[in-house]
Amino acid sequence: MNVKSFLRFVELPTKVASMLPFLLGTLYALYRFEDFYVLRFALMFVSLLSFDMATTAINNYYDYKKAAKTHGYGYETHNAIVRHKLKESTVVVTIAVLLVLAVGGGIALVAETGLLVFLLGGLSFLIGILYSFGPIPISRMPLGELFSGLFMGFVIIFISAYIHSDQSVVTLLFSEGWVSLHVNILEVLYLFWFSVPAILGIAGIMLANNICDIEDDVDNRRYTLPVYIGRSNALLLFKLLYYVSFVDLAVLLLLGVNPVLAALLLLTLIPLRRNIAKFAHKQEKATTFILSVKNFVLMSVARIVVLGAAILLNVLL
């Protein structure tokens, strides 16, 4: 396996779905809590990226092993194992190395932060594995959008903000057989509302992927959400995800959670609507699926720029 085939195998460009929420959570902590820990940031980066690559690799390996349809775009060119003629033993070792890096970085981060990160990280690891592996993987059920959105859109943002918060959001202590939990409900709600556009954007990527694959998914016994609700309803849901995100952004602005600069995010609605219309006209994995990724990247990068500018202004003023 060379660098090119590895990057294709782990689908590196799709890691924006975890890295952008990670950056959003970090900047949220800088803006709201005015604190930052370099080591914690680095450990979470290594653990998160390694695990995201590992779950993608497991998903590709599982699809390779379970594919009932062994011809057509989805099998011959989309799956890197087939396209690059990768050895099965090499694939398994690569997955194992990525998981070791993810677990090692995660344990080190827990040592730095505490029990809550262990519980949330452990749950995320479990869901990530079950998403692609097991008797009935989550990705083969109509729950993929929900789980991917919540865990990649909310849990990642929550943890990446929490590790810089000095436990001002949640405190979880274990001492002499007693567990003590203190939750700042308002801060947790603010973090969830802040995460809504990321939750819906990631769900939109999964939904677009499943819409493009409806026929192949039926052949391969993957009963995803679009298979259940139909193409037209799935396309309507795809559109609504983005408009709900903008409503949430407006609420955050009114609550004072987002800086006033966030009003500029309304400008992103113009290219977003254009991409939504293009996808509604044609749903094809090779050409239009990427529009859902572009929408997520556009919204997330715009929010990162706005938060970064707000942080810089706070420092200068």
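**Exercise 1.** Find the salt bridge that joins D52 and K15, and say where the two residues lie and whether they are buried or exposed.

*Solution.* The side chains of D52 and K15 form a salt bridge, with N and O 3.4 Å apart, where the term asks for a side-chain nitrogen of Lys or Arg within 4 Å of a carboxyl oxygen of Asp or Glu. Helices here are DSSP runs (H or I, at least four residues), numbered from the N terminus. Finally, D52 is buried because its relative accessibility is 9%, and K15 is buried because its value is 3%; buried means under 20% relative accessible area, exposed over 50%, and partly exposed in between (1.4 Å probe, protein chains only).

The model is predicted, so local features need pLDDT of at least 70 and side-chain atom pairs count only at pLDDT 80 or more, whereas totals for chains, interfaces and linings use all residues. Residues are numbered from 1 along each chain as its sequence is written, and side-chain values use heavy atoms, leaving out hydrogens and water.

**Exercise 2.** Which residue forms a salt bridge with E215, and where does that partner lie?

*Solution.* The partner is R231, whose closest N and O atoms with E215 are 2.9 Å apart. R231 lies in helix α12 (residues 231–255) and E215 in helix α10, 16 residues apart. R231 counts as partly exposed because its relative accessibility is 27%, and E215 counts as partly exposed at 47%.
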